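Hello,

Here is the structure I promised to pass on to you. Have a look at it first, and then read my notes on its pockets and cores below.

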Amino acid sequence: MTIDKLDTGVPHPARRYNYWLGGKDNFAADRESGDLLAKAYPAARTAARANRAFLRRAVGFLAGEAGIRQFLDIGTGLPTADNTHQVAQRVAPESRIVYVDNDPMVMVHARALLTSTPEGQTRYLEADLRDPARILTSLEILDLSQPVALILVAVVHFLPEHARSVEIVRTLVDALPSGSYLTMTMATTDFLTPELKASWDESLRTGRSDVHPRTRAGFEEFFTGLELIEPGVSAISEWRPDPAAEEHPTPVEASLFGAVARKP
Ligand SMILES: C[S@@+](CC[C@H](N)C(=O)[O-])C[C@H]1O[C@@H](n2cnc3c(N)ncnc32)[C@H](O)[C@@H]1O
């Protein structure tokens, strides 16, 4: 599987997401695409922040309550505040994290992801989620005989074929030992008004969007055979919300499903 070369004229999810989060690592094409999508779905920026907040809470849970010390974060995004290793290593400095993304811009900025504590380790792998075999054979610092938290946050919805995406996630989960965790978020139009849903569908049909939403039933398929952690499949803003957070978006504003599950 080839990795896209850095083409600043073509919008890319990592840079568009960076734009929505208020970052500076994006180009005109990313901002244009971000504004177009935000027209079809006005809460896009709020959803991006809510997604990042979910990631923070989920990693806090995994490193804390669940006692996980190894993380495989695929679809990492451009470094920003509270990257997975920072959240995990605040709880457990010995945590080891492998980041994976297919955007060459993320590779350029990867140094910021490699600021591990001395007790832990971080690595960056430029690879594609659609090639799970390559990812699984490149995890040098992870010991696959010990539990791993697989993190697929706001990435699987870039894969348009649902059955294939379920298969890819299954391949990854199958390679991990009992006691491992799957953490996912994924765009959905389930919470949207018919008008907003139609607008999103239209963006997809006309090629302005590359985000392929799933229904609740579609999202739940990824967790077959796994034990969902309370509160189960939820709107991301309703998954263990932080009462001290500044923002409390509604499920309509943060239109992504989120869940954390344990492999028995
Ligand atoms: C919306 S960002 C999410 C970033 C981070 N996971 C978060 O939630 O804050 C999606 C990321 O997935 C990456 N991505 C999209 N498709 C991918 C693929 N097929 N393989 C690997 N990474 C991919 C993009 O480059 C981007 O960095």
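**Pockets and cores**

The lining of the largest pocket is made up of 26 nonpolar, ten polar and eight charged residues. Please keep in mind as you read that this is a predicted model.

That pocket, the largest, holds about 860 Å³ of space. Its lining counts 44 residues, and P13, A154, V155, H157 and F158 are the closest to the centre. Several elements each give two or more residues to this lining: the helices α1 (13-20), α2 (28-40), α3 (44-63) and α8 (194-205), along with the strands β1 (70-74), β2 (96-101) and β4 (149-153). The largest share comes from α3, with six residues.

The second largest pocket has a volume of about 440 Å³. You can find it by looking for R49, A53, R56, R57 and A245, which lie nearest its centre among the 18 lining residues. By class, nine residues of that lining are nonpolar, three are polar and six are charged.

Now for the inside of the protein. Which residues have the most contacts within the largest nonpolar core? They are L62, F71, Y181 and V260, in a core of 46 residues. Helix α3 turns up again here, as it supplies the largest share of this core, eleven residues. There is also a second, separate core of 35 residues, with A127, I135, V166 and L172 among them.

Best wishes

How values were computed
Residues are numbered from 1 along each chain as its sequence is written. This is a predicted model: local features need pLDDT of at least 70, side-chain atom pairs count only at pLDDT 80 or more; totals for chains, interfaces and linings use all residues. Side-chain values use heavy atoms; hydrogens and water are left out. On a 1 Å grid over the protein atoms alone, a cavity is a set of points where a 1.4 Å probe fits but cannot get out, and a pocket is an open set with protein on both sides within 12 Å along at least five of seven lines; lining residues have an atom within 4 Å of a point. Grid points are joined across faces, edges and corners, and a volume is the space filled by probe spheres set on the points. Helices (H or I, at least four residues) and strands (E, at least two) are DSSP runs, numbered from the N terminus. Ala, Val, Leu, Ile, Met, Phe, Trp, Tyr, Cys and Pro count as nonpolar, Asp, Glu, Lys and Arg as charged, and the others, Gly among them, as polar. A nonpolar core is a set of buried Ala, Val, Leu, Ile, Met, Phe, Trp, Tyr and Cys residues joined through side-chain atoms within 4.5 Å. Buried means under 20% relative accessible area, exposed over 50%, partly exposed in between (1.4 Å probe, protein chains only).
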